[in-house]
Amino acid sequence: MTQHPFLALTESDREEMLRTVGAGSVDELFGDLPAAVRLQRPLDLEPQLSEQEVFAHLAELADRNADASRELSFLGAGIYDHYVPAVVDTILQRGELLTAYTPYQPEMSQGVLQAIFEYQTAICELTGMDVSNASGYDGTTVAADACYVAKHATGREKLVVTEATNPQVRQVVKTYAAGFGLEIVEVPHRDGTTDPDELERAVADAAAVIFQQPNFFGCLEPAPELVARANDAGALPIAHVDLLSLGVLEAPGRYGAALALGEGQAAGNFPSFGGPHYGFLAAREEFIRRMPGRIVGETVDTAGERGYVLTLQTREQHIRREKATSNITTNQTLLALGGLVYLTWLGPQGLREVGETCLSLAAYAKQRLAEVAGLEVAFADEATFKEFAVRVGRNAREVVSAARELGVHPGYALGRDYEGMDDALLVAVTEQRTPAEIDRLADVLAEVVG
Amino acid sequence: MKLIYEKSSPGRRASVIPRYENLRAPEVPSDLRRSEPPRLPEVPEFELIRHFTELSTRNFGVDTGFYPLGSCTMKYNPRINERLAALPGFARLHPLQEEEGAQGALELMWRLQEILAEVTGLDAVSLQPAAGSQGELTGLMLVRAYFAARGESEQRRKVVIPDTAHGTNPASVTMAGYELTHVQTDARGNVDVDDLRGKVDEHTAALMLTNPSTLGLFDENIAEIEEIFHGAGALMYYDGANLNAVCGISRPGDMGFDIVHINLHKTFSQPHGGGGPGGGPIAVRDILEPFLPVPAVVRRDDGGFGLDFDRPQTIGKVRGFTGPFGVFVRSYAYIRMWGPRLREMSETAVLNANYVLARLKDAYDLPFDRLCMHEFVVSARSLKKQYGCTALDVAKRLMDYGFHPPTIYFPLIVPEALMVEPTETETKETLDAFCDAMLEIAREAAEQPELLKEAPHNRPVRRLDEVRAAKRPVVKYGFEEHPQPDAEQASAAQSPSGV
């Protein structure tokens with residue numbers, strides 16, 4: 001058999017090494033394994049492929065997917081087709097960053113450590129918070145992490161979640177909450193947003209309130225009011241936000257949120273069929289010692305020079321074990337670095353402009369679709385950001401199928417998650433869409449619905 | 001080196017954003033509108049590239065050199081995997097695309113599930129968990145759901161963990177709402193079976209075990225352990241962090257384990273990215289399949305692939321969508337480039353580890369004198385006692401020789417532990433150079449201990465004060481304490497990178 005390209009030992013290397021070890025064969029090295037647990041046959045896997053064969057095989061699989069380069073798509077619902085600039089790919093492919101482990105040895109890892117410190121700074125700037133961790137898995141799990149913080153910070157056992165929060169976030173929080181011993185109460189939306197009075201009635205004795213801004217329907221919640229009601233009841237307000245909205249929408253720290261978090265994908269990551277992306281998680285200073293996951297801090301070396309290290313590690317599982325603030329170890333550092341590079345590329349002006357372009361294009365789309373007979377913009381009185389719901393007068397999943405036949409994916413069918421919304425589509429418009437593409441969406445929907 | 005914020009100057013930018021002046025942007029209600037812009041960096045594109053390129057030169061990866069970080073399996077990451085994950089058909093595919101528009105992605109996931117079932121010797125796989133520790137937590141949720149379905153959830157509250165376990169194990173136990181039972185390690189480095197017998201009963205829900213353990217030793221009593229747990233009606237969880245030792249040689253399912261997580265970023269070569277992403281799929285015995293997270297990726301009767309949400313006994317979702325798909329692309333491609341030869345991967349990893357161990361065991365203390373699996377633990381206890389040089393000092397000195405240090409001070413039961421995992425990557429020449437450095441460092445400890453205590457000497461920074469960082473945490477840039485630097489100075493300041 002030919003030498004495998006990912007291996008290096010020659011026959012004579014192997015012989016010499018076995019001699020040094022004092023073993024007669026490689027098989028002898030596995031002498032501690034009882035015969036009963038040893039596999040007595042080769043693994044039943046397809047034969048080895050060469051690099052060019054594996055490329056051909058996976059390229060063929062990729063060709064069978066209708067991605068955003070092959071289909072005009074208005075899908076959003078938490079994952080968005082924002083532009084990812086070339087600088088992101090270039091930096092993330094630097095082998096020194098790509099192929100490093102978690103920076104346990106800071107003198108070997110100043111590059112990643114400083115980058116995380118810069119990332120934490122950017123997240124704090126965007127959210128108006130004091131401390132950010134180095135990332136969580138995604139926008140759903142950081143919400144569950146925040147509930148763990150809230151449970152321990154308040155000692156309470158109830159969790160309030162608005163129904164207009166991303167359903168995937170609610171589902172993941174629910175899965176985790178059972179182990180945390182938290183009971184969940186959902187506050188329904190009223191015409192697309194949350195009623196602060198209704199929230200207030202639910203929030204007594206709650207550890208936290210999770211809401212989303214803009215919410216899952218794209219509508220702007222009365223966020224400052226929701227936060228005030230939560231704070232009045234001693235519940236921690238947790239804001240689930242879109243980083244790309246924070247050039248035009250207020251930072252949650254400014255209106256009193258205790259924690260701010262969300263899915264970072266929109267800022268610097270490709271959709272990639274759901275991951276890997278990064279979840280960001282930031283908090284007010286008082287929660288710094290309850291934060292889950294890695295945090296990088298500034299310090300000095302023995303010569304007095306500035307440097308960076310993983311810090312406050314007594315919170316973490318490798319030190320604190322069963323009393324840790326979370327079990328997380330591997331996070332999403334490379335994707336968060338993509339976020340930092342992207343946010344640096346944008347700068348404050350670019351961030352505001354992306355937000356404004358999304359606002360303009362989405363408003364144009366709303367207006368164009370409102371003109372199509374048979375379509376009706378849902379929650380039409382509410383301000384929205386880059387996404388909005390539209391009623392299509394028949395089963396929205398059928399409309400999706402019919403529109404895809406014409407080469408346009410018109411959006412997410414809300415009936416999957418909300419009762420009484422089988423005829424509703426959630427339409428997302430990023431800065432990657434053009435007015436001409438929006439016109440095409442309107443034409444296709446007119447044909448399908450009309 | 002300056003922070004990117006210290007290279008920033010108002011008005012500079014790298015991006016041009018499409019604008020539509022003829023479209024009217026709606027007003028954001030004033031109470032919801034951003035009041036002050038975030039202080040993101042303002043730099044041109046070339047300064048951005050130079051900044052992050054310079055950061056990369058201050059970092060060390062597998063691409064830079066030997067990285068024997070125990071328990072982390074720092075192997076080579078083939079570049080073709082990066083090209084594949086970046087194909088638009090994968091990278092630009094939306095996770096809520098209709099099944100008919102995602103057949104290639106679903107097929108890839110289904111095929112990976114089949115492979116992982118074969119490698120682990122189990123029946124069903126969920127790819128959803130985002131990393132090993134989330135796989136653990138998901139596994140414990142399955143345990144809870146399984147016993148709830150049998151009416152035993154109140155009775156079975158305890159999870160048994162050996163003292164060699166990764167810290168994630170006990171942390172996951174608490175997060176899943178279980179109580180811990182600790183079990184000791186015996187004189188040969190196996191789980192102490194006598195200790196175990198007294199601790200497993202009708203209140204036990206599960207065992208969490210890493211095998212080979214974090215000592216790099218395969219538990220010789222695995223059959224007996226299996227009898228104890230299954231005999232008591234409890235389940236067995238396999239922490240797959242060390243799966244790289246046994247692919248094609250021994251399968252967790254055949255050892256008796258009911259649930260396994262697989263670290264795709266270790267055994268199956270997803271690059272670790274300086275801290276992540278990872279992937280933590282779980283494989284389970286058929287009795288646990290009904291409880292797996294939704295949606296399940298399934299092959300339909302018509303030969304196509306789909307997502308099945310209709311699993312009434314599911315624990316729910318543990319992460320968004322169906323998991324970190326880009327990681328699956330890389331790991332699937334990686335495994336296909338081995339095929340059944342995965343066995344050679346593990347055999348070589350074990351040979352490399354034993355060779356390095358054989359060369360080092362006279363110079364360092366060896367807590368358990370056995371052949372090792374894919375990694376081993378030695379101790380700097382004697383160096384500390386005789387010369388005052390600790391495992392930390394040895395680790396820092398290794399940097400001067402151009403190697404990433406091993407994992408240190410873990411597992412906790414070995415004082416001054418140095419945990420070395422060479423992986424199957426590496427030439428014999430590299431392994432020899434590392435061994436020579438380790439032996440030289442042991443000599444230096446005797447002759448010039450300050451060389452170790454003051455190390456590293458040639459990294460971008462000297463030894464860093466971690467106590468200070470924790471005592472007075474500075475976790476973001478203090479704009480207020482650092483007035484905006486003069487613009488000209490900022491762009492001219494190309495300070496050498498401190499070497």
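## Reading a predicted two-chain model

Chain A is divided into domain 1, covering 72-79 + 351-449, and domain 2, covering 87-340.

Me: Before I look at those parts, what kind of model is this?

Reply: It is a predicted model, and the values below are computed from it.

Me: Where are the domains of chain B, and which elements take part in the contact on the side of domain 1 of chain B?

Reply: In chain B, domain 1 consists of 60-77 + 343-487, and domain 2 of 83-336; their C-alpha centres lie 29 Å apart. Here 24 residues of domain 1 of chain B are in contact with 23 residues of domain 2 of chain B. The elements giving two or more residues to the side of domain 1 of chain B that touches domain 2 of chain B are α11 (342-360) and β10 (376-379) of chain B, and the largest share of that side, 6 residues, comes from α11(B). By class, the side has 14 nonpolar, 6 polar and 4 charged residues.

Me: How should I read the overall form of chain B, and what does its radius of gyration say?

Reply: Chain B has 17 helices and 12 strands. Its radius of gyration is 26 Å, close to the 23 Å that the globule rule gives for 499 residues, so chain B is as compact as a globular protein of that length. The C-alpha trace of chain B spans about 75 × 70 × 45 Å along its principal axes, and buried residues make up 59% of the 499 residues in the chain.

Me: How is the size of an interface often given, and how many residues does each chain give to the contact here?

Reply: The size of an interface is often given as the accessible area lost when the parts come together. In this model the description is by residues, and the contact takes 168 residues from chain A and 174 residues from chain B. Helix α11 (residues 333-370) of chain A gives the most to the side of chain A that touches chain B, with 23 residues, and by class that side has 86 nonpolar, 52 polar and 30 charged residues.

Me: Which residues touch the most other members of the largest nonpolar core?

Reply: Of the 314 residues in that core, A:C147, A:A208, A:V209, A:L259 and A:L425 touch the most other members, while α11(A) gives the most to the core, with 19 residues. A:V209 touches, among others, A:V160, A:L199, A:V203 and A:L226, not counting residues up to four places away in sequence.

Me: How do strands β9 and β10 of chain A run, parallel or antiparallel?

Reply: In a regular strand the side chains alternate between the two faces of the sheet. Strand β9 (residues 296-300) of chain A and β10(A) run antiparallel and are joined by 5 bridges, with A:V300 opposite A:R306 in β10(A). The two strands form a hairpin with 5 residues between them, and A:G304 in the turn has a positive phi of about 85°. Strand β10 (residues 306-310) of chain A is mostly covered, with 4 of its 5 residues buried.

Definitions and conventions: Residues are numbered from 1 along each chain as its sequence is written. Chains are lettered from A and ligands numbered from 1 in the order in which they are written. This is a predicted model: local features need pLDDT of at least 70, side-chain atom pairs count only at pLDDT 80 or more; totals for chains, interfaces and linings use all residues. Domain bounds come from an automatic or database domain assignment. Two residues are in contact if their C-beta atoms, placed from the backbone, lie within 7 Å. Ala, Val, Leu, Ile, Met, Phe, Trp, Tyr, Cys and Pro count as nonpolar, Asp, Glu, Lys and Arg as charged, and the others, Gly among them, as polar. A nonpolar core is a set of buried Ala, Val, Leu, Ile, Met, Phe, Trp, Tyr and Cys residues joined through C-beta atoms within 7 Å. A residue is buried if 20 or more other C-beta atoms lie within 10 Å of its own, exposed if 12 or fewer, and partly exposed in between; C-beta atoms are placed from the backbone. The radius of gyration is taken over C-alpha atoms; the globule rule is 2.2 Å times the number of residues to the power 0.38. Two strands pair if DSSP finds at least two bridges between them.
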